[in-house]
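Hi everyone, thanks for coming. Let me put the model up, and then we'll walk through the ligand site and a few helix pairs.

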Amino acid sequence: MDNTIYLDHAATEPMRESALQTLMEESRTLFGNASASYQSARKAKSVLEKARTTLAACIGASPAGIFFTSGGTEGDNQALVAAAESAGKGHLVVSSIEHEAVLRTAEYLTRRGFSVTYLPVDEEGFVRVSDLEADLEAHPDTFLVSVMSANNEVGTIEPIKELAACAHRHGTLFHTDAVQAFGKLDLNVQRLDIDLMSVSAHKIGGPKGTGFLYIRPGVKIGALLRGGMQERGRRAGTEPVPLIASFAAAAEDAFSKREEEQERIRDLQRYLFEKLTPLGALRNGPAPGEGRLANNVSVSFPGIRADLVLAALDLAGIAASAGSACTTGAVNPSHVILAMTGDRERAEGTLRFTLGAENTREELDRVQKTLSGVLQRATCT
Ligand code: PLP
């Protein structure tokens with residue numbers, strides 16, 4: 001990478017060296033279609049199945065539960081839409097701080113005649129099991145509960161084990177969007193008792209354009225994409241074997257270094273929070289520790305325009321993001337900060353720095369210095 005200070009790892013991670021090497025090698029040599037029967041195809045098929053086994057082991061699943069997708073968005077769409085189709089009618093429960101891949105799909109299902117509850121969160125972004133319990137009692141026709149493992153904007157780690165247990169007490173399937181948590185947290189689908197889990201490769205230093213949906217063997221949900229019989233009929237389309245092999249290489253690297261990398265990142269997280277507090281930053285989400293992803297530093301400076309601050313940081317070679325979608329001349333306040341605090345000014349003034357193992361304290365010193373200057377000039381209009 002150039003000398004940009006990259007602090008947007010929740011958006012995407014730079015590719016790991018082993019993932020890059022695998023992608024190049026397998027793209028060169030693995031041109032066979034994994035569904036065909038000649039030698040090069042059989043080689044592609046065996047690489048595909050090896051990757052499936054590697055990735056299944058990362059979540060304590062059997063390989064039969066792994067269905068490759070194009071990434072987190074597709075996995076979320078399939079989990080919700082296919083579960084709805086299989087139920088035919090009924091109620092869906094999602095949290096109000098889900099990624100758009102879940103929220104927009106829930107809206108789509110509303111237009112198709114399903115009803116949806118958006119569970120509230122507390123001021124740190126936690127979903128309460130008691131709220132889910134009450135909602136499931138009120139809606140005995142619920143076919144699916146979907147709550148993310150960890151939030152992409154503020155890093156809150158949701159109590160998915162307890163939420164899944166609650167869903168199961170009511171005879172309902174439980175899906176978790178684990179796009180931000182995979183490779184960072186211990187996500188054993190047996191221990192957590194998860195039915196459906198979406199994962200994306202590019203958030204762990206793998207390539208963009210692949211991921212998987214875990215479907216617990218025995219759970220009857222169908223396909224989103226129809227066509228060939230790839231992925232046992234649950235996801236048609238020629239498998240991008242080089243991408244999938246590269247994904248497995250990234251996962252092997254990420255999981256073998258997980259503790260060491262997370263500890264390093266956790267230290268940087270505390271350091272950056274300490275650096276930003278004297279500038280007037282309000283922390284969004286839980287305190288660093290068990291309830292929060294180690295890589296997430298989301299802060300608000302109420303009264304500032306996040307888009308202007310980010311543009312100034314960008315000019316200084318610092319890549320970060322807002323807790324909101326910025327378009328020219330307008331800031332759409334983050335639905336996550338709004339759900340947590342109800343405070344529009346705070347939501348509009350949110351900056352999200354997400355760390356990676358390659359970041360250094362020296363870089364964070366430069367961020368503080370630059371931000372301090374920028375903040376003096378930035379005001380809300
Ligand atoms: N879910 C969460 C929580 C995410 O953070 C993202 C990406 O930002 C997605 C889903 C979408 O994943 P993908 O980019 O692989 O489609």
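Let's start with D177, where a polar side-chain atom sits 2.6 Å from a nitrogen atom of the ligand. Before going on, a word on the source: this is a predicted model, where local features need pLDDT of at least 70, side-chain atom pairs count only at pLDDT 80 or more, and totals for chains, interfaces and linings use all residues. Residues are numbered from 1 along each chain as its sequence is written, and side-chain values use heavy atoms, with hydrogens and water left out.

Back to the ligand. An oxygen atom of the ligand lies 2.8 Å from a backbone N or O atom of G72. There is also a ligand oxygen atom 3.5 Å from a side-chain N or O atom of H99. How much of the ligand does the protein bury? Alone, the ligand exposes 390 Å², and the protein buries 85% of that (accessible areas by the Shrake-Rupley method with a 1.4 Å probe).

Now the shell around it. The ligand is surrounded by 13 residues, and the closest are T73, D177, Q180, S200 and K203 (near means a heavy atom within 4 Å). By type, the shell has eight polar, three charged and two nonpolar residues (Gly counts as polar here, and Asp, Glu, Lys and Arg as charged). Helix α3, residues 72-87, gives the largest share of the shell, three residues (helices are DSSP runs, H or I, of at least four residues, numbered from the N terminus).

On to helix packing. Two packed helices are described by the angle between their axes and the distance between the axes. Here axes are lines fitted to C-alpha atoms over the stretch in contact, and angles run from 0 to 180 degrees between N-to-C directions.

Take helix α1 (residues 17-29) and helix α8 (residues 241-256): their axes come within 8 Å and cross at roughly 155°. That makes α1 roughly antiparallel to α8, a label for angles over 145 degrees.

Helices α5 (residues 129-138) and α6 (residues 160-169) pack at about 15°, with axes 10 Å apart. So α5 and α6 are roughly parallel, the label for angles under 35 degrees.

That's my tour; questions welcome!

Terms used
A polar contact is a pair of N or O atoms within 3.5 Å; within protein, one must be able to donate a hydrogen and the other to accept it, and residues adjacent in sequence count only if both atoms are side-chain atoms. Helices (H or I, at least four residues) and strands (E, at least two) are DSSP runs, numbered from the N terminus. Angles under 35 degrees count as roughly parallel, over 145 as roughly antiparallel, 65 to 115 as roughly perpendicular and the rest as oblique.
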